[in-house]
Amino acid sequence: VSQSRYVEVVQKDTVLQTDYVADIQAIKNVEVRARVQGFLEKIFVDEGQEVKKGQPMFQINDLEYKTELAKAKAAVSNAMAEAKAAELELGRTKILVEKNVISKTEYELAASKVAATKAKIEEALSSQTNAGTKLSYTYIKAPFDGIIDRIPLKMGSLIDPGALLTTISDIHNVFAYFNISENEYLRFKNNTSKSVHENKPVNLVLADGTPYPFTGKIETSDGEFNENTGAIAFRARFPNPTKLLKHGASGKARLTTEVDNAIIIPQKATFEIQDKTFVFVVNKDNTIQMRAFKPGRRVAQYYIVEAGLKPGENIVYEGVQSIRQGAKIKPVKMNLDSLMQTALTIN
């Protein structure tokens, strides 16, 4: 009679932790690009530097744009002078028409000249505004509080409109995006008292396996499942007061689900034959009997049993490949709770 270790099938409330690959993104990540052409004259910031909203970042040579603005202002002055002269002429013409010195046609001609000079003023003001806007584009400020990324261009570079100057990220908080399958989504919904959109807590495991010290909350999910993958994307928000998390980092979003009265057995005690899963049940006379069961979720090294086994039954824990149906064993009991001291985590 061979000696075999066995465990008792137990039913207990348990907490399942499910990990999903997460893509971490800043809540704001904006490319800062040049709006006008010119030489990059000054760089006021450095890569990796924290900046405040409105803080100067870059200066493009502005001599050309100052000259253009000066010309535009001069054009406005000229247009206003022409309008003044046209109005004076209109007044003089009106007096002469009233005295029948000149015809009414002359007055209408003078009035049209006034209208034309006013239109010219509007055009000149528009050009002045445009020139002022271009000049303002030569002085680039931070659009919000954030951290500067790579600065690809150096001082003296000739840049064109649209050239990338840097990227700025607001990482006071970060988003973690992760995908779950439709089955997992439905299980999660059924085991959550509130809607997944109502700030369901979620934890984060960093790329090196260490837990992130701050808890996040699920804010939203996509409106539909991806037809190619059958998954739906969730978005969780995490506080990032220490700036540890960076835009583009990776990790694992960990969801916690409570399962009531779960029947849990070690995967090590199971084996498969023709797409069916079996265990060896230990009878009262220490003989073993092969029995099929229906496994549910696979949790780390354990199965949650959906059907086929009852609490209190004993099953062979190890060596199932070397024993046969009906064999008699010398059973040695193992404590399942001690085997399950490690967290039940789905990776």
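Me: In this predicted model, what makes strand 7 and strand 9 a pair?
Reply: Two strands pair if at least two bridges are found between them. Strand 7 and strand 9 have 2 bridges, in the antiparallel sense, so they meet that cut-off. One of the contacts in strand 9 is Ile-168, the bridge partner of Ile-148.

Me: How do you know that strand 2 and strand 12 pair with strand 9?
Reply: The cut-off is again at least two bridges. Strand 2 (residues 10-33) is joined to strand 9 by 11 bridges, and strand 12 (residues 231-239) has 9 bridges with strand 9. Both pairings therefore count, and both are antiparallel. Asn-29 has Ser-169 as its bridge partner in strand 9, while Asn-173 has Pro-239 as its partner in strand 12.

Me: Why are helix 1 and helix 2 called roughly antiparallel?
Reply: Angles over 145 degrees count as roughly antiparallel. The axes of helix 1 (residues 63-98) and helix 2 (residues 104-136) cross at roughly 165°, so the term applies. These axes come within 8 Å, and the crossing is left-handed. The contact between the two helices has 20 nonpolar, 5 polar and 12 charged residues.

Me: What makes Asn-29 and Ser-169 lining residues of the second largest pocket?
Reply: A lining residue has an atom within 4 Å of a pocket point. Asn-29 and Ser-169 are among the residues that line this pocket, so each meets that cut-off. The pocket has a volume of about 150 Å³.

Me: Which element gives the most to that lining?
Reply: Strand 9 does, with 3 residues. By class, the lining has 3 nonpolar, 4 polar and 2 charged residues.

Conventions:
Residues numbered from 1 in each chain as written. Predicted model: local features only at pLDDT ≥ 70, side-chain atom pairs only at ≥ 80, totals over all residues. Heavy atoms only, no water. 1 Å grid on protein atoms, 1.4 Å probe; cavity = no way out; pocket = protein on both sides within 12 Å on 5 of 7 lines; lining within 4 Å. Points joined across faces, edges and corners; volume = space filled by probe spheres on them. Helix = DSSP H or I, 4+ residues; strand = E, 2+ residues; numbered from the N terminus. Nonpolar A, V, L, I, M, F, W, Y, C, P; charged D, E, K, R; others polar. Axes fitted to C-alpha atoms, helices over the stretch in contact; angles between N-to-C directions. Parallel < 35°, antiparallel > 145°, perpendicular 65-115°, else oblique. Left-handed = near helix turned anticlockwise from the far one by under 90°.
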